Amino acid sequence: MIDSHLHLDDERLADKVDEIVNAFAEHGIEFVINNSCDMQTMLAGVDLANRYEKVFATVGIHPHESKHFNREFVSKMKQLATNPKVVAVGEIGLDYFYDLSDRQTQRDVFAEQIEIADQLHLPLTLHIRDAYGDAWDILRAQKKYLNNGVLWHCYSGSAEFARQAANVGHYFAFGGAITFKNAKKHDVFEQVPFDRVLSETDSPYMSPEPLRGRTNTPLNVPIIVAKMAEYYGKDVHEVEAQIHENTLSLFPKIKKYLNR
């Protein structure tokens, strides 16, 4: 099983990384992708990828931190992206729920990082909250730069929006939120093609039921995949195999590290 989005560098997990990674095989975890939020986490993510065979990394700045985006950050992004274990630009996007950076800055930085991702030949991992309309407008305006795939991390939009994004080949990742009693995602999963779905935990956040309130880890991926199997009405092993195929399709740089 695969965790396509987490934060192993978070202080809640930092002193447990060895223990967690060493437990991957026991829990059936094939590999994980550590996502960047700012300069510190970007550097930490690449360091983790260098240290652990089954950990990959991304580069990019979270919308919360958009106000800190500058030429130094861009230069470091591009430098780190030469590492073969850096597999995406993310998590990038818009967050109008917290508004920790002003909205125009978020939009400008989002658009620029889309162009950078194209220069680096890397897919995008998106963080979008309460901003699906503006995000879609930016993606349409930047369409010529969308040549390497788009992933909607922790997708929380409508079924209609999922249909719209799926129609242009985007991917969707789901985590612990789909296990919550009030999730009611059946209509969304009806619009997300089976060959466009990924699993994630967003650790240490968003622990699935029945672990809500505890620190999340990638070892909880099986709970999420089991719930996805329920939504699709398929066997867990079939869902696991399809997620494997989907993840490698979106993140092709990972392929050469498997079965080594």
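Biologist: Which residues line the second largest pocket?

Modeller: A pocket is an open set of points on a 1 Å grid over the protein atoms alone, where a 1.4 Å probe fits, with protein on both sides within 12 Å along at least five of seven lines; lining residues have an atom within 4 Å of a point. Here the lining consists of Trp-136, Leu-139, Arg-140, Lys-143, Leu-146, Gly-149, Val-150, Val-168, Gly-169 and His-170. The model is predicted, so local features need pLDDT of at least 70 and side-chain atom pairs count only at pLDDT 80 or more, whereas totals for chains, interfaces and linings use all residues. Residues are numbered from 1 along each chain as its sequence is written, and side-chain values use heavy atoms, without hydrogens and water.

Biologist: Which helix gives the largest share of that lining, and how many residues fall in each class?

Modeller: Helices (H or I, at least four residues) and strands (E, at least two) are DSSP runs numbered from the N terminus. Helix α6 (residues 132-141) gives the largest share, 3 residues. The lining has 5 nonpolar (Ala, Val, Leu, Ile, Met, Phe, Trp, Tyr, Cys, Pro), 3 polar (the others, Gly among them) and 2 charged (Asp, Glu, Lys, Arg) residues.

Biologist: What is the volume of the largest pocket, and which residues are closest to its centre?

Modeller: A volume is the space filled by probe spheres set on the grid points, which are joined across faces, edges and corners. For the largest pocket this is about 890 Å³. Of its 38 lining residues, His-62, His-127, His-153, Asp-202 and Tyr-205 are the closest to the centre. Strand β5 gives the largest share of this lining, 4 residues, and by class the lining has 17 nonpolar, 10 polar and 11 charged residues.

Biologist: In what order do the strands of the sheet lie?

Modeller: Two strands pair if DSSP finds at least two bridges between them. The 8 strands form an open, parallel sheet in the order β1-β2-β3-β4-β5-β6-β7-β8. Its edge strands, β1 (2-6) and β8 (197-199), each pair on one side only. The twist from one strand to the next averages 30 degrees.

Biologist: At what angle do helices α9 and α10 cross?

Modeller: Axes are lines fitted to C-alpha atoms, for helices over the stretch in contact, and angles between N-to-C directions run from 0 to 180 degrees. The axes of α9 (residues 221-232) and α10 (residues 236-250) cross at roughly 105 degrees and come within 9 Å. That makes the two helices roughly perpendicular (65 to 115 degrees). In contact (heavy atoms within 4.5 Å) are Val-225, Ala-226, Met-228 and Ala-229 of α9 with Val-236, Val-239, Glu-240 and Ile-243 of α10.

How values were computed: Parallel < 35°, antiparallel > 145°, perpendicular 65-115°, else oblique.
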